[in-house]
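Here are my notes on this model, in numbered points. Have it open while you read.

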Amino acid sequence: MRLVRGLGLALTVAAAAAFLGAHYGAPAMLFALLIGMAFNFLVDDPAIRPGVDFAASVCLRLGVALLGVRLSWADFQALGPLPVIAVVSLVAVTILAGIALARLMGRGARLGVLTAGSVAICGASAALALASVLPRDGRLERDTLFTVVAVTTLSTIAMVAYPLLFALLDATDAQTGMLIGATIHDVAQVVGAGYSVGQEAGDAAVMIKLMRVALLPVVLVAVMVAFSQRAEGGGGTVGLPWFLVAFVALAALNSFGAIPAPVASVAETASRILLITAIAALGIKTALKQMADLGAGYIVLIVAETALLLAMAVVAVKLFIV
(Lines give C-alpha, C1' and ligand atoms only; values in the text may rest on other atoms or scores of the structure.)
Protein backbone atom coordinates (compact mmCIF):
# COMPACT_ATOMS: atom_id res chain seq x y z
CA MET A 1 0.00 0.00 0.00
CA ARG A 2 2.92 2.37 0.58
CA LEU A 3 3.56 2.41 -3.18
CA VAL A 4 0.03 3.34 -4.22
CA ARG A 5 0.12 7.13 -4.02
CA GLY A 6 3.49 7.68 -5.64
CA LEU A 7 2.93 5.06 -8.33
CA GLY A 8 -0.55 6.48 -8.93
CA LEU A 9 0.96 9.95 -9.42
CA ALA A 10 3.50 8.64 -11.95
CA LEU A 11 0.79 6.72 -13.83
CA THR A 12 -1.46 9.78 -13.89
CA VAL A 13 1.34 11.92 -15.33
CA ALA A 14 2.09 9.18 -17.88
CA ALA A 15 -1.58 8.99 -18.91
CA ALA A 16 -1.76 12.75 -19.37
CA ALA A 17 1.45 12.68 -21.41
CA ALA A 18 0.14 9.87 -23.63
CA PHE A 19 -3.10 11.79 -24.24
CA LEU A 20 -1.25 14.98 -25.15
CA GLY A 21 1.20 13.10 -27.35
CA ALA A 22 -1.61 11.37 -29.25
CA HIS A 23 -3.60 14.57 -29.79
CA TYR A 24 -0.84 17.11 -30.47
CA GLY A 25 1.72 15.06 -32.38
CA ALA A 26 4.57 15.64 -29.93
CA PRO A 27 6.58 12.91 -28.13
CA ALA A 28 4.70 11.55 -25.13
CA MET A 29 7.99 10.97 -23.29
CA LEU A 30 8.82 14.66 -23.49
CA PHE A 31 5.39 15.56 -22.09
CA ALA A 32 5.91 13.00 -19.28
CA LEU A 33 9.19 14.64 -18.32
CA LEU A 34 7.87 18.18 -18.35
CA ILE A 35 4.64 17.40 -16.50
CA GLY A 36 6.54 15.26 -14.00
CA MET A 37 8.90 18.13 -13.19
CA ALA A 38 5.89 20.26 -12.29
CA PHE A 39 5.15 17.80 -9.45
CA ASN A 40 8.67 17.79 -8.04
CA PHE A 41 7.41 19.58 -4.92
CA LEU A 42 5.67 16.31 -3.90
CA VAL A 43 8.68 14.02 -4.11
CA ASP A 44 9.81 14.46 -0.51
CA ASP A 45 6.40 13.47 0.85
CA PRO A 46 6.95 10.09 2.57
CA ALA A 47 3.62 8.89 1.17
CA ILE A 48 4.72 9.70 -2.38
CA ARG A 49 8.45 8.89 -2.55
CA PRO A 50 8.34 5.05 -2.37
CA GLY A 51 5.93 4.73 -5.28
CA VAL A 52 7.86 7.23 -7.40
CA ASP A 53 11.11 5.36 -6.71
CA PHE A 54 9.38 2.10 -7.67
CA ALA A 55 8.17 3.60 -10.95
CA ALA A 56 11.64 4.98 -11.75
CA SER A 57 13.34 1.63 -11.15
CA VAL A 58 11.07 -1.42 -11.48
CA CYS A 59 8.83 0.02 -14.20
CA LEU A 60 11.95 1.10 -16.06
CA ARG A 61 13.45 -2.39 -16.02
CA LEU A 62 10.19 -4.08 -17.01
CA GLY A 63 9.78 -1.65 -19.89
CA VAL A 64 13.32 -2.30 -21.14
CA ALA A 65 12.81 -6.07 -20.91
CA LEU A 66 9.67 -5.92 -23.04
CA LEU A 67 11.51 -4.00 -25.78
CA GLY A 68 12.79 -7.42 -26.88
CA VAL A 69 9.51 -8.23 -28.63
CA ARG A 70 10.35 -5.62 -31.28
CA LEU A 71 13.21 -7.69 -32.63
CA SER A 72 13.19 -10.54 -35.13
CA TRP A 73 16.18 -11.98 -36.99
CA ALA A 74 14.12 -12.63 -40.10
CA ASP A 75 13.46 -8.91 -40.52
CA PHE A 76 17.14 -8.22 -41.07
CA GLN A 77 18.12 -11.04 -43.42
CA ALA A 78 16.78 -9.34 -46.54
CA LEU A 79 19.00 -6.28 -46.02
CA GLY A 80 22.29 -8.04 -46.70
CA PRO A 81 25.63 -7.72 -44.88
CA LEU A 82 26.63 -4.14 -45.75
CA PRO A 83 23.86 -2.38 -43.77
CA VAL A 84 24.61 -4.63 -40.77
CA ILE A 85 28.32 -3.78 -40.91
CA ALA A 86 27.51 -0.09 -41.33
CA VAL A 87 25.08 0.01 -38.39
CA VAL A 88 27.47 -1.82 -36.05
CA SER A 89 30.30 0.52 -37.07
CA LEU A 90 28.17 3.67 -36.66
CA VAL A 91 27.02 2.64 -33.19
CA ALA A 92 30.52 1.69 -32.03
CA VAL A 93 32.24 4.81 -33.38
CA THR A 94 29.52 7.13 -32.02
CA ILE A 95 29.81 5.69 -28.51
CA LEU A 96 33.62 5.75 -28.50
CA ALA A 97 33.63 9.30 -29.85
CA GLY A 98 31.08 10.33 -27.21
CA ILE A 99 33.30 8.97 -24.44
CA ALA A 100 36.30 10.82 -25.86
CA LEU A 101 34.36 14.08 -26.22
CA ALA A 102 32.96 13.84 -22.71
CA ARG A 103 36.42 13.33 -21.28
CA LEU A 104 37.82 16.25 -23.28
CA MET A 105 35.06 18.43 -21.85
CA GLY A 106 35.80 17.24 -18.32
CA ARG A 107 32.44 15.47 -17.98
CA GLY A 108 33.62 11.89 -17.50
CA ALA A 109 33.23 8.67 -19.45
CA ARG A 110 29.91 7.75 -17.89
CA LEU A 111 28.12 10.78 -19.33
CA GLY A 112 29.72 10.02 -22.70
CA VAL A 113 28.33 6.47 -22.60
CA LEU A 114 24.89 7.68 -21.57
CA THR A 115 24.53 10.41 -24.19
CA ALA A 116 26.31 8.69 -27.08
CA GLY A 117 24.55 5.39 -26.39
CA SER A 118 21.17 7.09 -26.55
CA VAL A 119 22.16 8.88 -29.78
CA ALA A 120 23.61 5.75 -31.38
CA ILE A 121 20.91 3.22 -30.46
CA CYS A 122 17.35 4.24 -29.67
CA GLY A 123 17.07 7.56 -27.90
CA ALA A 124 15.19 7.77 -24.62
CA SER A 125 14.76 3.99 -24.30
CA ALA A 126 18.52 3.44 -24.62
CA ALA A 127 19.21 6.24 -22.13
CA LEU A 128 16.96 4.59 -19.56
CA ALA A 129 18.43 1.14 -20.21
CA LEU A 130 22.00 2.43 -19.92
CA ALA A 131 21.16 4.34 -16.75
CA SER A 132 19.91 1.11 -15.20
CA VAL A 133 23.35 -0.58 -15.55
CA LEU A 134 25.68 2.38 -14.97
CA PRO A 135 27.14 2.96 -11.49
CA ARG A 136 24.78 5.10 -9.48
CA ASP A 137 25.69 8.37 -7.79
CA GLY A 138 24.03 11.69 -7.08
CA ARG A 139 24.33 12.85 -10.70
CA LEU A 140 23.02 9.82 -12.60
CA GLU A 141 19.31 10.61 -12.46
CA ARG A 142 19.92 14.24 -13.41
CA ASP A 143 22.19 13.22 -16.29
CA THR A 144 19.64 10.66 -17.46
CA LEU A 145 16.83 13.18 -17.41
CA PHE A 146 18.89 15.67 -19.40
CA THR A 147 19.76 12.99 -21.94
CA VAL A 148 16.12 11.96 -22.37
CA VAL A 149 15.04 15.58 -22.86
CA ALA A 150 17.86 16.28 -25.32
CA VAL A 151 17.51 13.19 -27.51
CA THR A 152 13.73 13.48 -27.60
CA THR A 153 13.93 17.12 -28.65
CA LEU A 154 16.60 16.42 -31.26
CA SER A 155 14.57 13.47 -32.60
CA THR A 156 11.55 15.69 -33.07
CA ILE A 157 13.62 18.28 -34.94
CA ALA A 158 15.24 15.56 -37.05
CA MET A 159 11.88 14.02 -37.97
CA VAL A 160 11.04 17.26 -39.83
CA ALA A 161 14.50 18.35 -40.99
CA TYR A 162 16.21 15.12 -42.09
CA PRO A 163 13.85 14.16 -44.96
CA LEU A 164 14.35 17.67 -46.38
CA LEU A 165 18.12 17.44 -45.92
CA PHE A 166 18.34 14.03 -47.60
CA ALA A 167 16.24 15.32 -50.51
CA LEU A 168 18.79 18.12 -50.99
CA LEU A 169 21.49 15.44 -51.09
CA ASP A 170 19.62 13.71 -53.97
CA ALA A 171 19.15 10.55 -51.95
CA THR A 172 16.86 7.88 -53.38
CA ASP A 173 13.90 6.67 -51.33
CA ALA A 174 15.89 3.60 -50.26
CA GLN A 175 18.86 5.75 -49.26
CA THR A 176 16.62 8.21 -47.43
CA GLY A 177 15.00 5.39 -45.48
CA MET A 178 18.35 3.95 -44.49
CA LEU A 179 19.65 7.37 -43.45
CA ILE A 180 16.54 8.09 -41.39
CA GLY A 181 16.79 4.69 -39.69
CA ALA A 182 20.51 5.14 -39.01
CA THR A 183 20.41 8.67 -37.61
CA ILE A 184 17.13 9.61 -35.86
CA HIS A 185 17.21 8.67 -32.20
CA ASP A 186 13.70 7.52 -31.22
CA VAL A 187 11.67 4.81 -32.95
CA ALA A 188 8.46 6.85 -33.18
CA GLN A 189 10.22 9.70 -34.97
CA VAL A 190 11.93 7.23 -37.33
CA VAL A 191 8.53 5.84 -38.30
CA GLY A 192 7.07 9.32 -38.76
CA ALA A 193 9.96 10.58 -40.88
CA GLY A 194 10.33 7.42 -42.95
CA TYR A 195 6.72 6.99 -43.99
CA SER A 196 6.38 10.72 -44.66
CA VAL A 197 8.73 10.08 -47.60
CA GLY A 198 7.06 6.91 -48.85
CA GLN A 199 6.47 3.19 -48.27
CA GLU A 200 9.92 2.10 -49.46
CA ALA A 201 11.67 4.69 -47.33
CA GLY A 202 9.51 3.88 -44.31
CA ASP A 203 10.17 0.12 -44.51
CA ALA A 204 13.93 0.65 -44.88
CA ALA A 205 13.97 3.15 -42.02
CA VAL A 206 12.22 0.77 -39.63
CA MET A 207 14.50 -2.16 -40.51
CA ILE A 208 17.68 -0.12 -40.01
CA LYS A 209 16.33 1.32 -36.78
CA LEU A 210 15.52 -2.13 -35.43
CA MET A 211 19.06 -3.20 -36.22
CA ARG A 212 20.27 -0.38 -33.97
CA VAL A 213 17.83 -1.46 -31.24
CA ALA A 214 19.13 -5.03 -31.57
CA LEU A 215 22.57 -3.82 -30.47
CA LEU A 216 21.20 -2.54 -27.15
CA PRO A 217 21.82 -5.74 -25.11
CA VAL A 218 25.34 -6.02 -26.56
CA VAL A 219 26.12 -2.45 -25.53
CA LEU A 220 24.58 -2.96 -22.10
CA VAL A 221 26.77 -5.99 -21.43
CA ALA A 222 29.86 -4.12 -22.67
CA VAL A 223 29.07 -1.17 -20.40
CA MET A 224 28.50 -3.44 -17.41
CA VAL A 225 31.83 -5.22 -18.01
CA ALA A 226 33.76 -1.97 -18.52
CA PHE A 227 32.43 -0.22 -15.43
CA SER A 228 32.65 -3.35 -13.29
CA GLN A 229 36.32 -3.73 -14.19
CA ARG A 230 36.95 -0.07 -13.36
CA ALA A 231 35.21 -0.44 -10.02
CA GLU A 232 37.04 -3.69 -9.15
CA GLY A 233 40.45 -2.68 -10.51
CA GLY A 234 40.03 -4.91 -13.54
CA GLY A 235 39.19 -8.14 -11.73
CA GLY A 236 35.46 -7.91 -11.13
CA THR A 237 32.81 -10.33 -12.29
CA VAL A 238 29.57 -9.34 -13.91
CA GLY A 239 26.14 -10.79 -13.29
CA LEU A 240 23.53 -10.14 -15.93
CA PRO A 241 20.48 -8.28 -14.60
CA TRP A 242 17.16 -10.07 -14.99
CA PHE A 243 15.71 -7.48 -17.32
CA LEU A 244 18.59 -7.85 -19.78
CA VAL A 245 18.18 -11.63 -19.77
CA ALA A 246 14.45 -11.16 -20.38
CA PHE A 247 15.16 -8.71 -23.23
CA VAL A 248 17.42 -11.22 -25.02
CA ALA A 249 15.04 -14.13 -24.34
CA LEU A 250 12.06 -12.27 -25.80
CA ALA A 251 14.08 -11.24 -28.86
CA ALA A 252 15.12 -14.87 -29.39
CA LEU A 253 11.55 -16.15 -28.98
CA ASN A 254 10.30 -13.54 -31.43
CA SER A 255 12.99 -14.54 -33.93
CA PHE A 256 11.69 -18.13 -33.87
CA GLY A 257 8.08 -16.96 -34.26
CA ALA A 258 7.18 -18.20 -30.79
CA ILE A 259 5.42 -14.97 -29.78
CA PRO A 260 2.00 -14.54 -31.44
CA ALA A 261 1.47 -11.15 -33.07
CA PRO A 262 -1.35 -10.12 -30.66
CA VAL A 263 0.86 -10.96 -27.67
CA ALA A 264 3.78 -9.02 -29.15
CA SER A 265 1.49 -6.04 -29.76
CA VAL A 266 0.30 -6.09 -26.15
CA ALA A 267 3.89 -6.40 -24.91
CA GLU A 268 5.01 -3.42 -27.02
CA THR A 269 2.14 -1.33 -25.65
CA ALA A 270 2.98 -2.39 -22.10
CA SER A 271 6.63 -1.51 -22.66
CA ARG A 272 5.70 1.95 -23.87
CA ILE A 273 3.40 2.53 -20.88
CA LEU A 274 6.05 1.36 -18.44
CA LEU A 275 8.78 3.52 -19.98
CA ILE A 276 6.57 6.62 -20.05
CA THR A 277 5.69 5.96 -16.40
CA ALA A 278 9.39 5.60 -15.54
CA ILE A 279 10.22 8.87 -17.28
CA ALA A 280 7.33 10.59 -15.49
CA ALA A 281 8.79 9.36 -12.20
CA LEU A 282 12.25 10.62 -13.13
CA GLY A 283 10.67 13.99 -13.92
CA ILE A 284 8.92 14.06 -10.55
CA LYS A 285 12.25 13.36 -8.85
CA THR A 286 14.11 16.17 -10.64
CA ALA A 287 13.90 19.91 -9.94
CA LEU A 288 14.08 22.42 -12.80
CA LYS A 289 17.02 24.12 -11.06
CA GLN A 290 19.03 20.92 -11.42
CA MET A 291 18.49 21.02 -15.17
CA ALA A 292 19.45 24.71 -15.34
CA ASP A 293 22.68 23.98 -13.45
CA LEU A 294 23.88 21.51 -16.09
CA GLY A 295 25.32 24.20 -18.36
CA ALA A 296 25.87 24.48 -22.09
CA GLY A 297 28.53 21.76 -22.15
CA TYR A 298 25.91 19.03 -21.93
CA ILE A 299 24.03 20.42 -24.92
CA VAL A 300 27.22 20.82 -26.97
CA LEU A 301 28.15 17.20 -26.22
CA ILE A 302 24.92 15.60 -27.38
CA VAL A 303 24.58 17.87 -30.44
CA ALA A 304 28.14 16.99 -31.45
CA GLU A 305 27.39 13.27 -31.12
CA THR A 306 24.24 13.68 -33.22
CA ALA A 307 26.10 15.62 -35.93
CA LEU A 308 28.87 13.00 -36.02
CA LEU A 309 26.38 10.15 -36.44
CA LEU A 310 24.61 12.04 -39.24
CA ALA A 311 27.85 12.78 -41.12
CA MET A 312 29.11 9.19 -40.87
CA ALA A 313 25.76 7.75 -41.96
CA VAL A 314 25.59 9.99 -45.04
CA VAL A 315 29.09 8.94 -46.10
CA ALA A 316 28.37 5.24 -45.48
CA VAL A 317 25.07 5.15 -47.35
CA LYS A 318 26.06 7.34 -50.29
CA LEU A 319 29.47 5.74 -50.90
CA PHE A 320 29.26 2.14 -49.75
CA ILE A 321 25.71 0.78 -49.44
CA VAL A 322 23.34 1.92 -52.19
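1. Start at Val91: leaving out residues up to four places away in sequence, Val91 touches Ala120, Ile121, Arg212, Leu215 and Val219, where contact means heavy atoms within 4.5 Å. Before going on, note that this is a predicted model, where local features need pLDDT of at least 70, side-chain atom pairs count only at pLDDT 80 or more, and totals for chains, interfaces and linings use all residues. Residues are numbered from 1 along each chain as its sequence is written, and side-chain values use heavy atoms, with hydrogens and water left out.

2. Val91 also belongs to the largest nonpolar core, which has 94 residues; Val91, Ile121, Phe166, Leu216, Val223 and Ile279 touch the most other members. H8 supplies the largest share of this core, 10 residues. A second, separate core has five residues, among them Leu250, Ile259, Ala264 and Ala267. (A nonpolar core is a set of buried Ala, Val, Leu, Ile, Met, Phe, Trp, Tyr and Cys residues joined through side-chain atoms within 4.5 Å; buried means under 20% relative accessible area, exposed over 50%, partly exposed in between, with a 1.4 Å probe and protein chains only.)

3. On to Ser118, which sits in helix H6 (residues 109-120); helices are DSSP runs of H or I, at least four residues, numbered from the N terminus. Ser118 counts as buried because its relative accessibility is 0%. Its side chain reaches the backbone oxygen of Thr115 at 2.7 Å. Beyond four places in sequence, the contacts of Ser118 include Val151, His185 and Ile302.

4. How many aromatic pairs does the structure hold? There are three, pairing being defined by ring centres within 6.5 Å for Phe, Tyr and Trp (its six-membered ring), with planes under 30 degrees apart stacked, over 60 edge-to-face and the rest tilted. Phe39 and Phe41 make a stacked pair, at 6.4 Å centre to centre and 25° between the planes. Phe39 is partly exposed at 30% relative accessibility, while Phe41 is exposed at 62%.

5. Phe146 and Tyr298 pair edge-to-face, because their planes are at 90° and their ring centres 5.1 Å apart. This pair links distant parts of the chain: Phe146 is in helix H8 (residues 140-168) and Tyr298 in helix H16 (residues 296-321), 152 residues apart. Phe146 is buried at 8% relative accessibility, and Tyr298 is buried at 5%.

6. Last, helix H3 (residues 49-66): its 18 residues reach 25 Å from first C-alpha to last, close to the 26 Å expected at 1.5 Å times one less than the number of residues. Among the buried residues of H3 are Pro50, Cys59 and Arg61.

Note on methods. Helix = DSSP H or I, 4+ residues; strand = E, 2+ residues; numbered from the N terminus. Polar contact = N/O pair within 3.5 Å; in protein donor to acceptor, adjacent residues only side chain to side chain.
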